[in-house]
Amino acid sequence: MTPDPILPEEFAGPLAMARERLGIFTHRVLWYSDVGSTNDIAGTLADQDSAEGLVVLADRQTAGRGRLGRSWASPSGAGIYVSVILRPSAAAARLLTLAAGVAVTDGIASATGLSAHVKWPNDVHVGGRKLAGVLAEGTATHVVLGIGINVQPAAYPPDVAARATSIEAELGRPVERGLVLAECLAALDSRYRELHETRGETIVESWRMRAAPMLGRRVEWESAGERHTGLAENIDEDGALIVKVGSERLRIRSGEVRWL
Ligand code: BTN
């Protein structure tokens, strides 16, 4: 699918201003005013050997996807819908989605001053409501990281309004999408480098600090058709959630956990 020829000034301006901090994301941004899913476009391009750092950005998605097979509402102008191609080392891939959650939280804070927190594994929340999410899809050679951020309340449908929020609803003022995107990409580049330069301890530590309101709370999840509950204590060095059940500690690697 062919991208639109001109990146709107709303994004081009802030990306140019942040150019020196965008690192691997400086070179190529493909803009679509209307697309199925930016993750699909980025995945196809990654399969065709597109370089790491390619950014696929859309104003609107008609088949936006979330984690666990859910859909991601993506109406025009109301959110940020972006996917990037990464080619991490095996060690860096381990903590990539946690690093992305931290980067999005920090990018939103730098651009707008809004303080959000991460919810395992990589959701971004404010006051118990979801503000942004990350969908990582990969093969042996690449990871496509898709990021969806609710900028305006119109980004999410009324049936999730009790569980969702947006940057503008939280701040009570308009926010520039381009600025939020530029700061999130700058933060993502920095965290991605950190993942390769360290063994990931600082990412885990940053994640824990930004997850403070969620840790120590009861969670519920399903496994083999049964419902379990426990106390979410921490994450380990591999990014698994450590849940205390009675006197035992369980590691949850993936799937859905509900905070009670
Ligand atoms: C989640 O379920 O929390 C993850 C949501 C990820 C949504 C983004 S929007 C850009 C990219 N393209 C998609 O189809 N999904 C991701």
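Biologist: Which backbone atom does the side chain of asparagine 39 reach at 3.5 Å?
Modeller: The model is a predicted one, and asparagine 39 lies in helix H2. Leaving aside neighbours within four places in sequence, the contacts of asparagine 39 include Val144, Leu145 and Gly146. In this stretch, the atom that the asparagine 39 side chain reaches at 3.5 Å is the backbone nitrogen of glycine 146.

Biologist: Is asparagine 39 buried or exposed, and what is its relative accessible area?
Modeller: Helix H2 is mostly covered, with 7 of its 10 residues buried, and asparagine 39 is listed among the buried ones. The cut-off for buried is under 20% relative accessible area. Asparagine 39 therefore counts as buried, since its relative accessible area is 5%.

Biologist: Which elements are included in what covers the buried residues of H2?
Modeller: The buried residues of H2 are Thr38, Asn39, Ile41, Ala42, Gly43, Leu45 and Ala46. One of them, asparagine 39, touches Ser83, Leu135, Glu137 and Val144, among others; serine 83 belongs to strand E3 and glutamate 137 to strand E6. The cover of the buried H2 residues includes E1, E2, E3, E6 (129–138) and E7.

Biologist: Which side chain does serine 83 join through a polar contact of 2.5 Å?
Modeller: Serine 83 is in strand E3 and counts as buried because its relative accessibility is 0%. The polar contact of 2.5 Å links the serine 83 side chain to that of asparagine 39.

Biologist: What is the distance of the polar contact between the side chains of glutamate 137 and arginine 65?
Modeller: Glutamate 137 lies in strand E6 and counts as partly exposed because its relative accessibility is 27%. The residues that glutamate 137 touches include Asn39 and Arg65. Its side chain makes a polar contact with the side chain of asparagine 39 at 2.9 Å. The polar contact between the side chains of glutamate 137 and arginine 65 has a distance of 2.4 Å.

Biologist: Where does the side-chain oxygen of serine 37 reach at the start of H2, and within what distance?
Modeller: Serine 37 is among the closest of the 20 residues that surround the ligand, and one of its polar side-chain atoms lies 2.7 Å from a ligand oxygen. At the start of H2, a side-chain oxygen of serine 37 also reaches the backbone nitrogen of asparagine 39, to within 3.1 Å.

Biologist: Which residue has a polar backbone atom 2.7 Å from a nitrogen atom of the ligand?
Modeller: The closest of the surrounding residues are Ser37, Gln61, Arg65, Arg67 and Lys130. From glutamine 61, an N or O atom of the side chain is 2.9 Å from a ligand nitrogen. The polar backbone atom at 2.7 Å from a ligand nitrogen belongs to arginine 65.

Biologist: What unit do E1, helix H2 and E2 make?
Modeller: Strands E1 (residues 29–32) and E2 (residues 55–58) run parallel and are joined by 4 bridges. Within that pairing, tyrosine 32 has alanine 58 of E2 as its bridge partner. With helix H2 (residues 38–47), the two strands make a right-handed β-α-β unit.

Biologist: Over how many bridges do E3 and E7 pair?
Modeller: E3 is joined to E2 by 4 bridges in an antiparallel arrangement, with valine 55 opposite valine 84. With strand E7 (residues 143–150), E3 again pairs in the antiparallel sense, and tyrosine 81 stands opposite glycine 148. The bridges between E3 and E7 number 8.

Biologist: Which residues of E3 are buried on the side that carries Ile80?
Modeller: In a regular strand, side chains alternate between the two faces of the sheet. Strand E3 (residues 79–86) has 8 of its 8 residues buried, and Gly79, Tyr81, Ser83 and Ile85 make up one covered side.

Note on methods:
Residues are numbered from 1 along each chain as its sequence is written. This is a predicted model: local features need pLDDT of at least 70, side-chain atom pairs count only at pLDDT 80 or more; totals for chains, interfaces and linings use all residues. Side-chain values use heavy atoms; hydrogens and water are left out. Two strands pair if DSSP finds at least two bridges between them. A crossover is right-handed if, with the strands pointing away from the viewer, the path from the first strand over the helix to the second runs clockwise. A residue is near a molecule or strand if one of its heavy atoms lies within 4 Å of it. A polar contact is a pair of N or O atoms within 3.5 Å; within protein, one must be able to donate a hydrogen and the other to accept it, and residues adjacent in sequence count only if both atoms are side-chain atoms. Buried means under 20% relative accessible area, exposed over 50%, partly exposed in between (1.4 Å probe, protein chains only). Contact means heavy atoms within 4.5 Å.
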